[in-house]
Amino acid sequence: MENALVAPVVAFFSFIGSMGNVGLFAIPWSREASFGDVMAFLGADLVATTVIWVHGKFYGWHYALYTSALLYRCFVATGITRVALD
């Protein structure tokens, strides 16, 4: 379950584009992480600092931070749900 919490954070800070994170997601997959953990990591590259900055600039910081927190919770829920089903 800790992988589901940490994977989105690692993807956020290691943002090198979606194609770069696809290569990085092979590491947890090869170490027998659950499918949900890998999907949480892969999907979290949608929440990058540049995306948050653009949302904050155009839509306001309340919306940007709310959306980012909501996406983080969705990715964690995905990882936890898949762990429970595996």
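A polar contact is a pair of N or O atoms within 3.5 Å; within protein, one must be able to donate a hydrogen and the other to accept it, and residues adjacent in sequence count only if both atoms are side-chain atoms. The views below come from a predicted model, in which local features need pLDDT of at least 70, side-chain atom pairs count only at pLDDT 80 or more, and totals for chains, interfaces and linings use all residues. Residues are numbered from 1 along each chain as its sequence is written, and side-chain values use heavy atoms, with hydrogens and water left out.

**View 1**
Helices (H or I, at least four residues) and strands (E, at least two) are DSSP runs, numbered from the N terminus. Read from that end, the order is α-α-α-α-α-α. Of the 86 residues, 30% count as buried, where buried means under 20% relative accessible area, exposed over 50%, and partly exposed in between (1.4 Å probe, protein chains only). Contact means heavy atoms within 4.5 Å; among contacts between residues at least 6 apart in sequence, 68% join residues at least 24 apart.

**View 2. Thr67 in helix α6 (residues 61-85).**
Here is a side chain to zoom in on: that of Thr67 reaches the backbone oxygen of Tyr63 at 2.8 Å. Thr67 counts as buried because its relative accessible area is 17%.

**View 3. Phe75, also a residue of helix α6.**
With a relative accessible area of 13%, Phe75 is buried. Setting aside neighbours within four places in sequence, Phe75 touches Pro8, Ala40, Gly43, Ala44 and Val47. Look for Leu5 as well: it sits 70 residues from Phe75 along the chain, yet their C-alpha atoms are separated by 8.4 Å.

**View 4. A nonpolar patch on the surface.**
Trp53, Val54, Phe58, Tyr59, Trp61, Tyr63 and Leu65 make up this patch, with about 820 Å² of accessible area together. The elements giving two or more residues to it are α5 (49-59) and α6, and α5 gives the most, with four residues. Accessible areas come from the Shrake-Rupley method with a 1.4 Å probe, and for residues only the protein chains shown count as cover.

**View 5. Leu65, a patch member placed in helix α6.**
Leu65 counts as exposed because its relative accessible area is 52%.

Methods
Patches are made of residues with over 30% relative accessible area and no salt bridge: like charges are joined within 9 Å, nonpolar side chains (Val, Leu, Ile, Met, Phe, Trp, Tyr) within 5 Å. A salt bridge is a side-chain nitrogen of Lys or Arg within 4 Å of a carboxyl oxygen of Asp or Glu.
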